Amino acid sequence: VKRSGMLMKLPSGKYRLYTRGAAERILAECKTQFNEGKESPLDKTKVEEQMNAMSNTGLRTIGVSYRDFDDVKTDEEGKIVDPPNVQDRVLLTILGMKDPLREDSAESVRLCKGAGIIVRMVTGDHLNTAKYIARDCGILTNDDQIAMEGIKFRTMLEKDKEALVKMLPMLRVLARSQPEDKQKLIRLLQELGQIVGATGDGTNDAAALKAANVGLAMNKAGTEMAKRAADIVILDDSFSSIVMSVKWGRAIYDNISKFVQFQVTVNVVALVLSLVGALAGYEVPLTAVQLLWVNMIMDTFAALALATERPTDVLLQRRPFGKDAFLIRPVMWRFIIGQSIFQLIILFCLLFAGEYMFAVKPQSTEHYTIIFNTFVFMQLFNEINARKVCGERNVFDGFFTNKLFLSIVAGTAGSQVLIVMFFGAFASTTPIGYVAWLASIGFGAASLPWAFMISFYPVDLEHGQIPLNEDLQRDNSGASGSPAQAISTAWGEKKVNENLSST
């Protein structure tokens with residue numbers, strides 16, 4: 001519990017020490033009170049009732065006291081040599097301070113819950129104050145959730161850790177905590193296999209920020225030590241920015257998954273086509289230069305297109321993936337296998353029967369150009385399919401608003417036309433007729449309805465996601481609408497009205 005004091009010399013020659021700190025701590029060390037210009041007996045019961053009344057309405061209570069001394073010993077530099085006895089002080093006042101929530105705090109907490117994130121508050125405030133604030137922002141929403149003081153947490157951690165572990169899923173508020181309590185809570189949650197993110201702004205928070213899987217420090221209110229210990233610095237000190245960081249983190253994870261499923265499909269098709277063609281006695285269907293162009297599509301252009309998809313609010317409507325989740329999930333394997341089979345069937349038909357389909361000479365440059373052109377357009381349209389990695393069926397959702405993706409697709413298609421029509425000597429291609437062009441584009445575009453069809457093949461869309469505990473499921477099922485409505489759903493209209501009237 002933090003305290004601070006100020007020693008001053010009075011005109012009478014005596015010294016007076018003013019002390020301020022946690023109201024209950026200051027009150028416990030006082031025997032009298034300053035009232036109506038004089039010292040009088042202290043009625044601690046009455047003062048505690050006033051303190052509780054303030055705490056129950058979300059006010060942070062701070063006590064101020066003083067004590068006079070005849071003399072204080074100091075050294076040559078003016079530093080106190082023998083600290084005076086600070087017991088038996090005079091209570092001067094109890095202050096109630098209001099620290100209003102930001103307007104977006106309750107909504108940000110609701111979004112975190114919808115994303116499968118349990119929000120806990122660790123604070124040095126009085127338990128009643130902490131509970132009021134937690135209810136106000138939607139952290140405490142029902143009677144089953146637990147709010148406890150730091151001293152109880154530390155006692156249980158040392159003497160009854162098993163019981164504390166059973167309480168953790170419902171623990172939401174840790175009040176009157178010491179700086180090391182946050183770190184101990186983080187370590188305990190990590191022992192249970194949970195991924196923990198922690199926020200902080202003070203020097204005392206540095207250890208907790210370092211211990212967390214993701215440490216987030218405040219920029220404006222944060223100390224330099226806290227910023228150095230953190231992984232992320234929140235520039236505007238807003239909880240909504242933490243939600244935004246979660247959204248961006250999930251977007252990056254999804255973008256990597258998009259690129260992986262697209263790249264694996266291209267590699268599988270190219271390798272199998274070349275291998276089967278060689279075993280069947282054909283020349284390699286794709287030359288070195290053509291494969292180099294395919295690699296540019298696969299590695300450079302696809303990376304720019306798929307890895308720059310911006311985050312959407314839909315990302316906050318699913319549970320987080322566990323740290324042991326596979327990068328290639330069942331829904332991605334469905335995409336890779338389904339698209340590979342489709343493309344190989346079309347390409348094998350062109351390889352072994354292309355001369356009959358387009359009336360060209362077998363194994364001629366024109367024959368292999370049609371195969372190469374079809375292969376490229378298949379990847380081009382499959383790049384659109386790869387934009388979705390969680391089983392979504394509408395691959396065009398947000399497609400036409402992504403100007404970078406559109407420009408890359410259009411640029412790749414235009415470059416393919418130039419390579420086929422004008423770079424024959426370099427790329428081992430030759431100009432082909434409009435029927436072959438239409439067929440190449442048509443075969444490529446057919447991957448779009450094919451992706452829609454294979455999306456109905458049943459797979460576990462939630463594979464690797466962390467299951468929600470029952471309490472968070474209840475919060476999410478009843479947290480539609482405004483934060484006040486969410487509290488009303490869980491606590492009942494009577495308790496909400498009591499809170500509002502007391503405010």
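Buried means under 20% relative accessible area, exposed means over 50%, and partly exposed lies in between (1.4 Å probe, protein chains only). The model is predicted, so local features need pLDDT of at least 70 and side-chain atom pairs count only at pLDDT 80 or more, while totals for chains, interfaces and linings use all residues. Residues are numbered from 1 along each chain as its sequence is written, and side-chain values use heavy atoms, with hydrogens and water left out.

**Stop 1**

Select Arg 25, which is partly exposed at a relative accessible area of 37%. The whole structure holds 18 salt bridges.

**Stop 2: helix 7**

Go to helix 7, residues 179-191. Helices (H or I, at least four residues) and strands (E, at least two) are DSSP runs, numbered from the N terminus. Select Asp 181 together with Arg 154, whose side chains form a salt bridge (2.5 Å, N to O). This pair links distant parts of the chain, with Arg 154 in helix 5 (residues 150-159) and Asp 181 in helix 7, 27 residues apart. Both Arg 154 and Asp 181 are buried.

Next select Lys 182 and Asp 205, joined by a salt bridge (3.4 Å, N to O). Lys 182 lies in helix 7 and Asp 205 in the loop between strand 10 (197-200) and helix 8 (206-211), so the pair ties together parts that are 23 residues apart in sequence. Lys 182 is buried, with a relative accessible area of 14%, and Asp 205 is buried, also with 14%. Leaving aside neighbours within four places in sequence, Lys 182 is in contact (heavy atoms within 4.5 Å) with Val 122, Thr 199, Gly 200, Asp 205 and Ala 208.

**Stop 3: a surface patch**

Select Met 244, Trp 248, Ile 252, Ile 256 and Leu 327, which form a nonpolar patch on the surface with about 440 Å² of accessible area together. Within this group, Ile 256 lies in helix 10 (residues 239-279) and is partly exposed, at 44% relative accessible area. Patches are made of residues with over 30% relative accessible area and no salt bridge; like charges are joined within 9 Å, and nonpolar side chains (Val, Leu, Ile, Met, Phe, Trp, Tyr) within 5 Å. Accessible areas come from the Shrake-Rupley method with a 1.4 Å probe, and for residues only the protein chains shown count as cover.

**Stop 4: helix 14**

Select residues 403-422, the 20 residues of helix 14. Its buried residues are Phe 405, Ile 408, Val 409, Thr 412, Gln 416, Ile 419 and Val 420. They cover an arc of only 95° around the axis, which puts them on the same side of helix 14; the arc is that of the directions from the helix axis to the C-beta atoms. Turn to the face away from the buried side to find the exposed residues Lys 403 and Phe 422. Then show helix 11 (288-306), helix 13 (365-385), helix 15 (424-427) and helix 16 (434-445), against which the buried residues of helix 14 pack.

**Stop 5: Gln 363**

Finish at Gln 363, in the loop between helix 12 (330-358) and helix 13. Gln 363 is partly exposed, at 33% relative accessibility. Not counting residues up to four places away in sequence, Gln 363 touches Gly 281, Tyr 282, Glu 283 and Tyr 368.

Note on methods:
The expected span of a helix is 1.5 Å times one less than its number of residues. A salt bridge is a side-chain nitrogen of Lys or Arg within 4 Å of a carboxyl oxygen of Asp or Glu.
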